[in-house]
Amino acid sequence: MEIQLTNDQVLAMAPDSSSASAGKKLGNAKHWKNLGVSAEALWGECQGSALYQVRVELASLTSQCSCPSRKLPCKHCLGLLLLAAGSSVPAAEPPEWVTSWLAKREASSTRKQEKVEKTAKAATEAPSAAQLKNAEKRLATVKKGVETLDLWLNDLMRQGLASVATQPASFWNQQAARLRDAQAGALDTRVRRLAAIPNASPLWPEKLLAELGKLALLTHAFQQEEQLEPGLREEVRQLIGWNLTQDEVSVRGETLRDDWLILGQVLEEDERSKAQRTWLIGARSGRTAMILQFSIAGQPFPEHFALGTHQEAELTFWPGALPQRVFMRSRLGEIAPLKDALPGTNNIDVCLNDIAQSLSRQPWLEHFLCVLRGVTPICSEEGQTWHIRDNDGHALPFASNDGWLLLALSGGHPVDLAAEWDGTLLRPLGVLVDGGEYVLLGRTN
């Protein structure tokens, strides 16, 4: 049996380039014993400094290895997937060390469902006096922090943006720390990001003013939250710092079943953490969704996704005015490669109008999935700037190291492109070329 993944799709799951390189070396049958595959799992034993037991659950591509590596997936798991993607693995009954692992995962899933049901039941009950008191205390603390932020923003604007041109990062971090102490963690993050804007580009005053404006709009919305419709109020609270657990989202969020196309990922890093956005679109609904995961202090991301594939699944959306963030509630079908035309638009203006409509409902959105059909990559005469152009002659700039690769893949002809738009530039995620092959872009491994 051959797994329906390409080598590129497997390597896109690697936590770093060294794991990808080591995984390639292990994608050879000479390193393996007792290989097998069933409807639920893929497994094998890899000979290294010891004989390591490697297993992969096929529905979710969750893997486990007996090696001591803390990386997920480790090089042995990558090697097994590469071997299965390139050659046939014999169908067999899984050994005990695989069936026991699958049984543990099933038991864990049952416990999670019971926990969700418990959370749902608790949500229907009236909060206790202690819970009400704690909620009121936190609200008062956050409100005081937001009022202090509002005064700080007013002072900054009175002094003029030139006053921050030479300010050190500590100028911004001190204000961010006050917000963290006020239990407004999301505002803390927003203020810290402002430190990178001054003098970073010729247009930095305009960019800083825009970010300060969105921050002021958020503080004013929070101060008048009782007047907001429920979805927007929910969104504003999350943007201030009220985080929802996945169990709470399970109870309060909308769940949508669809054939979900997993189009690509964007990874952002700072000195403290990594953030990964995985973009999906529903084949039937056309709904876009984003799975956001964080890695702190080098820890692996909780879930891994085969990019450039599709799978029947249920996604649950975080509640809000314009739900975008999701988690994968359940996987209901096999993982298969993308081959058909992508669900999107062939008109850039339509795409931008949809984004404008989204911003009118939730003005703090920063990233959008754009699926553009029949667009052509074009390069400036100097060979330094790239654009995507539709059949009507409208164009959008894109930032990518893959400009020449995208041009080569397209042959100068129209292609279907998935990309992330940040309001200024497109970041290509993948392209569907002639013959139905989906090629990932923007990957570092």
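Asp 16 and Lys 71 pair up in a salt bridge, with their closest N and O atoms 3.0 Å apart (salt bridge here means a side-chain nitrogen of Lys or Arg within 4 Å of a carboxyl oxygen of Asp or Glu). Asp 16 sits in the loop between helix 1 (7-11) and helix 2 (17-26), and Lys 71 in the loop between strand 4 (62-65) and helix 3 (75-86), so the pair ties together parts that are 55 residues apart in sequence. Keep in mind that this is a predicted model: local features need pLDDT of at least 70 and side-chain atom pairs count only at pLDDT 80 or more, while totals for chains, interfaces and linings use all residues. Residues are numbered from 1 along each chain as its sequence is written, and side-chain values use heavy atoms, with hydrogens and water left out.

**Salt bridges**

- A search of the whole structure turns up 20 salt bridges.
- Asp 16 is partly exposed at 22% relative accessibility, and Lys 71 is also partly exposed, at 35% (buried is under 20% relative accessible area, exposed over 50%, partly exposed in between, with a 1.4 Å probe and protein chains only).
- Glu 312 bridges to Arg 257, with 2.8 Å between the closest N and O atoms.
- Glu 312 belongs to strand 8 (residues 309-317) and Arg 257 to strand 5 (residues 255-269), so this pair, too, links parts 55 residues apart in sequence (helices, H or I with at least four residues, and strands, E with at least two, are DSSP runs numbered from the N terminus).
- Glu 312 counts as buried at 17%, whereas Arg 257 is partly exposed at 47%.

**Helix 5**

- Asp 155 and Arg 158 meet in a salt bridge at 2.1 Å, N to O.
- Both lie in helix 5 (residues 129-159), three residues apart, or about one turn of the helix.
- Asp 155 is partly exposed at 34%, while Arg 158 is exposed at 63%.
- The 31 residues of helix 5 should span 45 Å at 1.5 Å a residue, and its end C-alpha atoms are 45 Å apart, which agrees (expected span is 1.5 Å times one less than the number of residues).
- Buried residues in helix 5 include Val 142, Val 146, Leu 149, Trp 152 and Leu 153.
- Their cover includes helix 6 (169-181), helix 7 (185-194), helix 8 (204-223) and helix 9 (230-240).

Note on methods: Contact = heavy atoms within 4.5 Å.
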